[in-house]
Amino acid sequence: MESSEEEDDLPSIESITPQSKIDSVHQSLTEKGIRKLCCELLDLKDAVENMCGDMRTKYLAFLRISEEAVEMEHELVELRKHISSQGILVHDLMSGLGREMDEWKRSSGDADESEEVEEPSPSELTDPNSEFLEKIDILLAEHKVDEALEAVDTEERNNPELKGAADTSSYKSAFIERKVVLEDQLLRIAKQPSVSVTELKHTLNGLIRLGKGPSAHQLLLKHYATSLHRRIEAFLPSCSSCPNTFPATLSKLVFSNISLAAKESASMFGDDDNPAYSNKVVQWAEREVEYLVRLVKENAAPSETVYALRAASVCLQDCLNYCKALEPQGLILSKLFLVLFRPYVEEVLELNFRRARKVVFDLNEADEGLESSSDFVAVLSDFAIASDTTMTDCSIRFMQIVQDILEQLTHLAVLHFGESVLARVLQLYDKYIDFLIKALPGHADEDGLPELQDHTILTRAETDSEQLALLGAAFTILDELLPKSLVKVWKLEVENGGGDGGDSSSSPSLISSSAPELKEWKRHMVQAFDKLRNYFCLQFVLSFIYSREGLTRLDALIYLTETPDDLHLPSLPFQALFSKLQQLAIIAGDVLLGKEKLQKILLARLTETVIIWLSNEQEFWSAFEDESTPLQPSGLQQLILDMNFTVEIARFAGYPFKVVQNHASVVINRAINIFSSRGINPQSSLPKAEWFTEAAKSAINRLLMGSDEASEAEEEYECEVEEGEEDGHIVLPEMDDDEHSDSLETSSLSTMDSFESFASASMADLESPSFTDSES
């Protein structure tokens, strides 16, 4: 029993389905499902194709039916017109027949008419008048406007009373009614959109013959306006594909249309004889000009792009030329166009120069439209060797963006907006100068310079070579690159003049009579550069005068306590100044190669700045004015020798020395006055003036030969010589007597008292700052 129970608990082996059978069953079911699905998809595909075919067939049938409906509509309109004309004709025939019957009955003496009709007026009994009215009605019903117009003219010539105001007969009223109908027909013909110019002129002449000249003139102008707007609407979608030149096409469409309308108006209406017509043409032309300006603004590229500037310049050039061509026709439109278009041009210029400031000063801002193969890139890249490339990139970007803007200007754009462009170039250059000043050592907020906080200088120009490179780049832009760009744009003559001091290069000059607005601009540009130059000179001199601890090296104690030696050398600070200028001269010769004018002006300004500082340093003079401090004639002699030595440095090196000499004379006179007030007689205690000059020249010769005194001055005042110099001094170029007389008279680019500087030069001297010699 137990064994049988165990067998019942276990499932029968025969009831277990093999795995292979399960797989075959599922596989067969899957295949059947896939086949069924494929069949359904094929059926669905056939159904879709049949539906698409039916839709295509029905769509073509719909188009065909639509065309037939349009044609049927036209036929119905024509049939309606024909029925209307036939109805008028039948009505007229019936009216004529009725009148004839009435006359026949009246003539036969039949007085027993069933109804008494109103007797016609005497004018209706007149056969010629009735016949004319019948004829006009028939012509109007058949829309034979030319024949009807001819008949009306003939009738008016035969009956002058029809034109008079006294006649109020029924015939005249009927005649006027027919003229009104004829006028309406002519107006309908003229207002049709598809009417040709020839047909329009013919119709308008008909209106003029009917005495409707104002209406005809209005229709003429309306036709030309409609035609113009239709052509412009067809052209506007293509404006985006030609952003630079589309204003030229628009202006040609508008002004050619205005010219045609004015000519047709003059030929048809005789504008010279009737000013009212010419005034209407002018008013209509002014509205079309306003329409043109609006179109240019709406379809131009964004205002901050050069495409917008080019489009505005091209539009200005072409429109003013067209306005000038229209003046013989009595259309004066140039002033109106300038009033309407000037604000847009000013806006485009302002936004382009705002973009220029971003491109120049934000070195992270990229402008792919700027050319990298310009001529000035190679010129300015030379300064990258001696300075940080960031500042050189700034200079290159400045010229690239300015030249890119200038190249978009046309001749008439320069004529009317040249002064505005120059003012914005000046503003950009002034900010560029401030940007360079911020890179110089010693810059601080109290210097009164714009912060330019949005743009950070990556590195400062610490070395002399880096600082001179900044000056050289700014001067090259001012003296060479900007004048060349302006010559191309202003289309002025170029005069090549040789440079000073062996400078064989020549720079373009602009003729002031051709562009008088450039004169004032040049003066302000030079003043902007003077800020950079003066700041460099001041920082250079202050670093020389003051030690790192803030102590003054050029102290009055030198002239109060020290005893001059028998060699009659200048005091140690001025010997150190001489050595420092020598070092700077050799660096400038390398960095500012080919810029001899700038080198001389810069080094002369440094010499001048030392004397100016000394003249304005009140602490220095207070020591002499102190009654408790004893004065010695030797101190005055040493001070005068130092001043003469400074002047001789400039004279010997070929610098502009006259301004240095004037400042030195002020210092000497002040010192003599102080010593005289303290009881020292300069006449008895000082040598003659020639002695100081010879002593200064002798000191220069001694220092150039590398004397021990010069070496000691260098060590004491830490005027270290640049690496690579062998003897510690640079022999400055000597000058003969003729060159002494030809020395420049000023070191200030913006000084105009002693020589014709860049600021005061004529346009023929835009090679300035040409620091030429006024004495030569």
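Trainee: Why is Arg357 called partly exposed?

Mentor: In this predicted model, Arg357 has a relative accessible area of 22%, and because partly exposed covers the range between under 20% for buried and over 50% for exposed, Arg357 falls in that middle class.

Trainee: What makes Arg357 and Glu350 a salt bridge?

Mentor: The closest N and O atoms of Arg357 and Glu350 are 3.9 Å apart, and because the rule asks for a side-chain nitrogen of Lys or Arg within 4 Å of a carboxyl oxygen of Asp or Glu, the pair is counted as a salt bridge. Glu350 is itself partly exposed, at 25% relative accessibility. Both residues also belong to a network of salt bridges that links Glu346, Glu350, Arg354, Arg357 and Arg424.

Trainee: How many salt bridges does the same rule give, and which pair links distant parts of the chain?

Mentor: The count comes to 17 salt bridges. Lys531 and Asp430 form a salt bridge whose closest N and O atoms are 2.9 Å apart, and this pair links distant parts of the chain, since Lys531 lies in helix H16 (residues 517-545) and Asp430 in helix H14 (residues 411-438), 101 residues apart. Lys531 counts as partly exposed at 30% relative accessibility, and Asp430 likewise counts as partly exposed at 26%.

Trainee: Why does Arg178 count as buried, and what is its salt-bridge partner?

Mentor: Arg178 has 19% relative accessibility, and because buried means under 20%, Arg178 counts as buried. Its partner is Glu177, with the closest N and O atoms 3.9 Å apart, a value that lies within the 4 Å limit.

Trainee: Why is Gln408 called buried, and where does Gln408 lie?

Mentor: Gln408 has a relative accessible area of 13%, and because the limit for buried is under 20%, Gln408 is placed in that class. Gln408 lies in the loop between helix H13 (389-406) and H14, and, leaving aside its neighbours within four places in sequence, Gln408 is in contact with Val306, Leu309, Arg310 and Ser313.

Trainee: How do you know that H8 and H9 are roughly antiparallel?

Mentor: Helix H8 (residues 246-269) and helix H9 (residues 275-299) pack at an angle of about 170 degrees, with their axes 10 Å apart. Because angles over 145 degrees count as roughly antiparallel, H8 and H9 are therefore described in that way. Among the residues that meet, H8 supplies Phe246, Leu250 and Phe269, including also Ile258, while those of H9 include Tyr277, Trp284 and Leu292.

Trainee: What makes Val48 part of a nonpolar patch, and is Val48 buried or partly exposed?

Mentor: Val48 is partly exposed at 38% relative accessibility, and because patches are made of residues with over 30% relative accessible area and no salt bridge, the value of 38% for Val48 passes that cut-off. Val48 lies in helix H2 (residues 19-107), and together with Leu37, Leu41 and Leu44 forms a nonpolar patch on the surface, the four having about 360 Å² of accessible area together.

Trainee: What does the chain as a whole look like in these terms, and how much of it counts as buried?

Mentor: Of the 776 residues of the chain, 45% count as buried, and the secondary structure comes to 26 helices and 0 strands. The chain exposes about 41,300 Å², of which carbon and sulfur atoms supply 51%. Among contacts between residues at least 6 apart in sequence, 76% join residues at least 24 apart.

Note on methods
Residues numbered from 1 in each chain as written. Predicted model: local features only at pLDDT ≥ 70, side-chain atom pairs only at ≥ 80, totals over all residues. Heavy atoms only, no water. Patch = residues over 30% accessible without salt bridge, like charges linked within 9 Å, V, L, I, M, F, W, Y side chains within 5 Å. Areas by Shrake-Rupley, 256 points an atom, 1.4 Å probe, with all protein chains shown as cover. Helix = DSSP H or I, 4+ residues; strand = E, 2+ residues; numbered from the N terminus. Buried < 20%, exposed > 50% of the residue type's maximum accessible area, 1.4 Å probe, protein only. Axes fitted to C-alpha atoms, helices over the stretch in contact; angles between N-to-C directions. Parallel < 35°, antiparallel > 145°, perpendicular 65-115°, else oblique. Contact = heavy atoms within 4.5 Å.
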